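Hi there,

Here is the structure I promised to pass on. Have a look at it first, and then read my notes on its charged pairs below.

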Amino acid sequence: MEALFKFDDTLWQRVVSLLEYDPTSPLTLTTGFFLFAFLVFGIGYLVVRGCTYLRVLYVVLFSLYFYYKLSGIYVLLLLGVALSDYVIGWLVYLRRRGGGRGRGWVALSVVINVSILLYFKATDLFVDVVNNIYGSGTLDWESVVVPAGVSFFVFQSIAYVVDISRGEIKPLKRLTSYLFLLSFFPKMFLGPLVKAREFIPQIEASKVSVKREDLGRAVSLVAGGMIKYAVISKALGVLFVAPAFAGELGDGGFVALMAIYGFTLQIYCDFSGYSDIAQGVALMLGFRLPDNFDAPYQSATITEFWRRWHISLSTWLKEYLYISLGGNRKGSFRTYLNLFLTMLLGGLWHGVGVTFVAWGALHGVALALHKIWMRIVPGAKAMGRDMSLLRRGLATVLTFNLVAFGWLLFTAEDMNVVEDMLLSIVNNFSTEDVWAIVEANSVAFGLMLFGYLLHALPRSADDALRRAVTRIGFVGQWVVLVVTIWLVMECGALLSDGSGAGLPMYAAF
């Protein structure tokens, strides 16, 4: 009898180790542990979703645990940012009620949050520069680990304080509600960034509901996002893009060009796929996150591209940086300069280095030149839908290649890699070995073709798919999810990357 009820220390240790933060296996929306934890969470959520306070508290506690499993001790940083800007938000609001604007408090919030970003994103570069100038070992400093999602919750927090100063929102009464805004687990890691004035009413709603159409859309988003993120992006990166950039597939121009096009698709599937999963998971809980991607490689101009790519970030940059710099209110030259500076700072937000500066500068110059083009050329359009079919086709090819060149800058370790890749394309491009390369990497090229064809589908096809998923009902939707998860795990096993575990590639930026 004693043996029957004997406490199993080994089992308990396994359970504790599973619940603790493991830096070698961070939690994401596609890991097996998350799928199990979300199922358990969902059972409790059904009980508390009818009570606003309990629902908010319950989701916040799960979100904080999610972030702990993602970044460990840095959950305290998230809590610190939340507490700081919750208090500053109220101080700004009280200052406005007294007739002021609270600019000093807004500036304090910006300084605190930007200092956090600079510490985590620029410290290593500063140490390297000092050691290169004054000798190795001048600064004995261990490499700084960047907390997952720090850029996103810092930007979200700045926007909240600025919105209060502009009179667009009132500060949240409860700290738990602000923690919900900042840490809601589907969006906390890689966005999308939400507008406080649109998301706060969802937080404070007396009840949340998930309609039949919402569930169908959620399932199609999660399933489609998993295919893009955990199958196409991961397999393409492992099988072709990474080996090609490492020089393992030769130094021919065709390999270099296909590596650039492959990475262009890989980063889109990685980020948009994860965003789709986040949208779908949030919708299952009754919360609506904004669309973050809208077939960006179908864009016919660079302006259109930035209205379709990472929409929440481009909107944030426009509302809180471009407009703050003066926008288009101070003449043509200042407009072009503000565009350039906005994109330059956007590049630095992704990473502090020459390649990111070059990437931001490329897009800044391209946006400014396109605005000048529309100003001086009669009939020039900002959006492809307003162009003739032939002009739109040619413009789309040009825009796509400009963006792809930008992604080369974005992912290259340094400018020497950029130079080598471009020289290979210009000086060492041969059509003789094209078929041999394609045949040797048939799976990767098949995925690339499938991914680009999927991206080229019109919105009507996407809508038809979601309607079909809605019509098959609850049982059918579960089958779709189970089959998708099985496919993801099988792909992960074949690639030996932990069945979807590991951070998304965009998290590195």
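R466 and D462 form a salt bridge, with their closest N and O atoms 3.1 Å apart. Keep in mind that this is a predicted model. Both residues sit in helix 20 (residues 459-471), four residues apart, or about one turn of the helix. R466 has a relative accessible area of 18%, so it counts as buried because the cut-off is under 20%. D462, at 31% relative accessibility, is partly exposed.

There is also a network: E168, K195, R197 and E319 are joined into one by salt bridges that share partners.

Why do such pairs turn up at all? Side chains of opposite charge can pair when their charged atoms come close.

R308 is buried at 12% relative accessibility, and E304 is buried at 1%.

Then there's D276, which forms a salt bridge with K228; here the closest N and O atoms are 2.9 Å apart. D276 belongs to helix 11 (residues 253-284) and K228 to helix 10 (residues 212-245), so this pair ties together parts that are 48 residues apart in sequence. Are these two buried or exposed? Both D276 and K228 are buried.

How many salt bridges are there by this rule? The count comes to nine.

Cheers

Notes
Residues are numbered from 1 along each chain as its sequence is written. This is a predicted model: local features need pLDDT of at least 70, side-chain atom pairs count only at pLDDT 80 or more; totals for chains, interfaces and linings use all residues. Side-chain values use heavy atoms; hydrogens and water are left out. A salt bridge is a side-chain nitrogen of Lys or Arg within 4 Å of a carboxyl oxygen of Asp or Glu. Helices (H or I, at least four residues) and strands (E, at least two) are DSSP runs, numbered from the N terminus. Buried means under 20% relative accessible area, exposed over 50%, partly exposed in between (1.4 Å probe, protein chains only).
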